[in-house]
Amino acid sequence: MKLDENSPLVEELAALEHASWARWMSYLFSQCIQDTNNQGLIIPWELVRRWDRQAATPYEGLTEKEKESDRKEVRLILPVLEKVFWPEIVRNARTPAESES
């Protein structure tokens, strides 16, 4: 199944991706410290180190807690993927005898 890059699915998934990014940004800003001039935010060094390590680590090398955080994000897009691909999965899973009926 080839999807058109301008399909409504792209927009639906883009909206979910934006929501994921927005949640991350909200969390990131909540972890920052206001600078002394009230001109910006400072990310604490220990968080920079942790996030840098996580970004450089393949998924398989993450801790279970870190993996679960990624799984949580995937679970938010599963309903869209199921809506689009479930009929295809069911059709491909049928035995030849089931397909004939």
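Since the model is predicted, local features are taken where pLDDT is at least 70 and side-chain atom pairs count only at pLDDT 80 or more, while totals for chains, interfaces and linings use all residues. Residues are numbered from 1 along each chain as its sequence is written, and side-chain values rest on heavy atoms, with hydrogens and water left out.

Going along the sequence, the pattern reads α-β-β-α-α-α. Of the 101 residues in the chain, 15% are buried (buried is under 20% relative accessible area, exposed is over 50% and partly exposed is in between, with a 1.4 Å probe and protein chains only).

Nonpolar side chains tend to be buried together in soluble globular proteins. Here, the largest nonpolar core is a set of five: Met25, Leu28, Cys32, Leu47 and Trp51. Helix 1 (8–31) and helix 2 (45–56) each put at least two residues into this core. (Such a core joins buried Ala, Val, Leu, Ile, Met, Phe, Trp, Tyr and Cys residues through side-chain atoms within 4.5 Å.)

Next come the rings. The chain has three aromatic pairs, counting rings of Phe, Tyr and Trp (its six-membered ring) with centres within 6.5 Å, where planes under 30 degrees apart are stacked, over 60 edge-to-face and the rest tilted. Trp24 and Tyr27 make a tilted pair, 5.8 Å centre to centre with 40° between the planes. These two sit three residues apart in helix 1, so about one helical turn separates them. Trp24 is partly exposed at 36% relative accessible area, and Tyr27 is partly exposed at 35%. Trp24 also pairs edge-to-face with Trp51, at 4.8 Å centre to centre and 75° between the planes. Because Trp24 belongs to helix 1 and Trp51 to helix 2, this pair ties together parts 27 residues apart in sequence. Trp51 itself is buried, at 15% relative accessibility. Elsewhere, Lys67 lies over the face of Tyr59, 5.5 Å from the ring centre (the rule asks for NZ of Lys or CZ of Arg within 6 Å of the ring centre and within 35 degrees of the ring normal).

Trp24 turns up again in the largest pocket: among its 20 lining residues, those closest to the centre are Trp24, Gln54, Glu66, Ser69 and Asp70. The volume of this pocket is about 800 Å³. (A pocket is an open set of points on a 1 Å grid where a 1.4 Å probe fits, with protein on both sides within 12 Å along at least five of seven lines; lining residues have an atom within 4 Å of a point.) Helix 1, helix 2 and helix 3 (64–93) each supply at least two lining residues, with the largest share, seven residues, coming from helix 3.

Finally, Asn38 has a positive phi, near 55°, and is not a glycine. Asn38 sits in the loop between strand 1 (33–34) and strand 2 (41–42), and is exposed at 57% relative accessible area.

How values were computed:
Helices (H or I, at least four residues) and strands (E, at least two) are DSSP runs, numbered from the N terminus. Grid points are joined across faces, edges and corners, and a volume is the space filled by probe spheres set on the points.
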